[in-house]
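Subject: Structure handover

Hello,

Here is the structure for you to look at. My notes follow below.

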Amino acid sequence: MPVMVAANSAAESCNITPKGDNLFAAIKNCIDDQIKAKSTDGTKKKKLQNIQDEVVEWAKKKKYSLDLKSKGMKDRDKKVVCKTFHGAGIVVPVDDNDVGYRPVPETPGDLKKMMKKVAESKTDKERDENMDAIQELITLVQFANDECDYGEGLELGMDLFCYGDKSFRSMMEHLLPLAYQLLGRIEYEQIIKAHLKSRQKGTDLSQLD
């Protein structure tokens, strides 16, 4: 099972912020943030505090941890092989011979510059030319997969996903499902396929309309 609940403000960035290892911890820690916010007035703070007191009392009764960072989360941090653009990192199995992961051979800063050049291309020809450098990285991922270093494909696919430009959709559709398949994470393969079919921006994200 996943070891944490996290928050993200997609309109601001792709950063993932850990909020605890269960929903009650996440609610408690989100309320903490709102109570501390300068924009929260006294009346609202009192209401939030009442809700928080109930959450804390119930969670303690049921023995749910309310820590912002649980032992399981700290244990996961020790296994992270790279941070990725979202900052929460990825974990893949690496054996005693270091087989399982090799890094994408670009710094995060340089990789973002490469993606930005593609995203801001004015013509199809310019986009294709700027895409060559990323295509070379995908070729390296194929070599890595052949040698069982499946983490590189997950890293590059996740970074493209976090950058989010539609120019990279076909690459995401190739890299991420394959990485999850090779890692034996079949549920995540199904999730990413479904998500990429209906990826939207904005706040009107209802699938019921």
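**Overall fold**

The chain's secondary structure consists of eight helices and two strands. Please keep in mind that this is a predicted model. Read from the N terminus, the order of elements is β-β-α-α-α-α-α-α-α-α. Along the principal axes, the C-alpha atoms fill a box of roughly 60 × 45 × 35 Å.

Of the 209 residues in the chain, 33% are buried. The exposed surface comes to about 13600 Å², with 52% of it supplied by carbon and sulfur atoms. Among contacts with a separation of 6 or more, 53% are between residues 24 or more positions apart. On charges: there are 34 positive and 35 negative ones, and their mean positions lie 9 Å apart.

**The core**

The largest nonpolar core holds 32 residues. Leu-111, Ile-134, Leu-154, Leu-156, Leu-160 and Phe-168 have the most contacts inside it. Two or more residues each come from helix H4 (108–119), helix H5 (124–146), helix H6 (151–163), helix H7 (169–182) and helix H8 (186–197).

Take Phe-168. Leaving aside neighbours within four places in sequence, Phe-168 touches Met-115, Val-118, Met-131, Ile-134, Leu-160 and Tyr-163, all by the contact criterion.

**Gln-52**

This residue sits in helix H2 (residues 42–61). Is Gln-52 buried or exposed? Gln-52 counts as buried, because its relative accessibility is 7% and the cut-off is under 20%. Again leaving aside neighbours within four places in sequence, Gln-52 is in contact with Lys-28, Ile-31, Asp-32 and Ile-35.

Best wishes

Terms used
Residues are numbered from 1 along each chain as its sequence is written. This is a predicted model: local features need pLDDT of at least 70, side-chain atom pairs count only at pLDDT 80 or more; totals for chains, interfaces and linings use all residues. Side-chain values use heavy atoms; hydrogens and water are left out. A nonpolar core is a set of buried Ala, Val, Leu, Ile, Met, Phe, Trp, Tyr and Cys residues joined through side-chain atoms within 4.5 Å. Buried means under 20% relative accessible area, exposed over 50%, partly exposed in between (1.4 Å probe, protein chains only). Helices (H or I, at least four residues) and strands (E, at least two) are DSSP runs, numbered from the N terminus. Contact means heavy atoms within 4.5 Å. Accessible areas come from the Shrake-Rupley method with a 1.4 Å probe; for residues, only the protein chains shown count as cover. Lys and Arg count as positive and Asp and Glu as negative; His and the chain ends are not counted. The place of a charge is taken as NZ of Lys, CZ of Arg, CG of Asp or CD of Glu.
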